[in-house]
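We will go from one stop to the next, picking residues and looking at what is around them.

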Amino acid sequence: MSNGQAKEVEGAACGHGESGQLRRFAGPLLLWGLGVGYVISGDYFGWNFGIAAGGFWGLFIATILMGIMYTAMCFTISELATAIPFTGGAYAFARKAMGPWGGYLAGIGVVLEYVLAPAVIANGIAGYITFIMPGLPKWILVTGVFVIFLALNTFGAKTTLTFELVVTSTALVGLVIFAALAAPHFDMSKLLEIAPAAGNSQTMPFGLLGIWAAIPYGIWFFLAIEGLPLVSEECKDPTKDMPRGLISSIVTLLISAFVVLFLAAGVGGAEMMSKSDSPLPEALGAVYGNAHWAIKGLGIIGLAGLIASFNGIIFGAGRAVFALSRAGYLPRFLSAVHPRFRTPYVAILVGGVIGIVSAILGNGDVLIQIAVFGAVISYIMMMLSALVLRAREPHLHRPYKVPGYPLTPIIALVLAIVALFAGFFYAPKVILWTALVYLVFVLYFWLYSRHHLVASAPEEEFAILAKAEAELN
């Protein structure tokens, strides 16, 4: 037995036991609410900057490609989540398929995504509040929003997800209202307002490279849905409910993405939308005037959409950090569970503090690029995990099997690699700095935490037992 293996087994003695257990309560409806809620802010804010990067049609094609990637990925993750139903999500899948290094690389990608995405959304919330009530300082709004939802996530998971279902449903009603008011004023010519760069057409103002540049914003329509398996240990029946939650969520999000993309740009105009901090109210304001009752109403409902994603991703961030910490990949104190509320409150609060600082000091566009980089790393690792596990462990119990295997995970893998290089193309300095941060985490694992893994953590125990059985056979 190697030194690293010895320390893994030794770690079993210091496992959390019951103190590290989460409470099971979530059914398919709450999972759908969380899956859509993770993402719904992407319809209200953030996607529109992709028009400046690639023009309307460049963003449209990028959104189609990313919609295909996320759909294929949701089917694949459904298989992984039912075979490996632990809170670790991407980390748990990659840990099982590729060992501690694979699990860590995937898990840190999720942590980057889920800790920084709330900072982007907090700026969007501040923008919508300012649209409704001008004059409030941004830092006060951002801090206040974080404090409220960090407290909500600390006081109980069931309360958090019930609230999530309510605000997600409200946000979807808001999109229906927006569509009903915007559709009569749709003007195809407004999609072509972005001035073309030299040598390019009005339809594709930045050429084929515009599609490449718009990919991170096409991702923003769907970013974070892959985090649904982070609640596997709080799900009543993950083997049945997780696939239902993932597939129903991605179908909902595909419909809403294309409705919003066309109607917002076709009513407010591509030029205005490419710079807006509150695109849907401003799109309606362009035809109805800002004094119209629906404009303020949509601003308030849009706030619900942003809050749904903000709340949901804070929820997921806590679980991602908790799982890695419980297994020893991150400092162990981060996996403390509240004795009364059974929530990973230290992970939630530490992630929240980082989010507040990032939201106040960071640039929203840059933070989107960093969050997308972390997400895409985890996507690549998850799709590789699905392929490796099918080859290495064909008899692993899989209550749900991905349709169209192996083509489905391969399509998602190829598109995720394309998305990774798109980030390097559009914002090379940002991605290089992000890669350096990622490298710091890698060094921490190489020098310290890989020697202090906790074998009693569910994801670790599952992988170690499987390895032992394979060696015996």
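Start by selecting Glu 79 and Arg 398: they form a salt bridge, with their closest N and O atoms 3.3 Å apart. This pair links distant parts of the chain, since Glu 79 is in helix 4 and Arg 398 is in the loop between helix 14 and helix 15, 319 residues apart. Keep in mind that this is a predicted model.

Together, Glu 79, Arg 390 and Arg 398 are linked in a network of salt bridges. Are these residues buried or exposed? Glu 79 and Arg 390 are both buried, and Arg 398 is buried as well.

For a contrast in setting, jump to Lys 275 and Glu 271, whose side chains meet in a salt bridge at 3.1 Å, N to O. Lys 275 counts as exposed because its relative accessibility is 60%, while Glu 271, at 31%, counts as partly exposed. The count for the model comes to five salt bridges.

Next, select Tyr 70 and Tyr 379. Of the 168 residues in the largest nonpolar core, these two touch the most other members. Helix 5 (residues 90-132) gives the largest share of this core, 25 residues. Show what surrounds Tyr 70: leaving aside neighbours within four places in sequence, its contacts include Ile 219, Phe 222, Leu 223, Ile 250 and Tyr 379.

At 62% relative accessibility, Trp 433 counts as exposed. It belongs to a nonpolar surface patch of about 890 Å², along with Trp 101, Leu 436, Leu 439, Leu 443, Trp 446, Leu 447 and Tyr 448. Six residues, the largest share of the patch, come from helix 16 (residues 428-447).

Last stop: helix 13 (residues 345-361). Its 17 residues should span 24 Å at 1.5 Å a residue, and its end C-alpha atoms are 24 Å apart, which agrees. Among the buried residues of helix 13 are Val 346, Gly 351, Gly 355 and Ala 359. Leu 361, also in helix 13, counts as exposed at 70% relative accessibility. Finish by selecting Trp 139 with Leu 361: they are 222 residues apart in sequence and 9.3 Å apart in space, C-alpha to C-alpha.

How values were computed
Residues numbered from 1 in each chain as written. Predicted model: local features only at pLDDT ≥ 70, side-chain atom pairs only at ≥ 80, totals over all residues. Heavy atoms only, no water. Helix = DSSP H or I, 4+ residues; strand = E, 2+ residues; numbered from the N terminus. Expected span 1.5 Å × (residues − 1). Buried < 20%, exposed > 50% of the residue type's maximum accessible area, 1.4 Å probe, protein only. Core = buried A, V, L, I, M, F, W, Y, C linked by side-chain atoms within 4.5 Å. Contact = heavy atoms within 4.5 Å. Patch = residues over 30% accessible without salt bridge, like charges linked within 9 Å, V, L, I, M, F, W, Y side chains within 5 Å. Areas by Shrake-Rupley, 256 points an atom, 1.4 Å probe, with all protein chains shown as cover. Salt bridge = Lys/Arg side-chain N within 4 Å of Asp/Glu carboxyl O.
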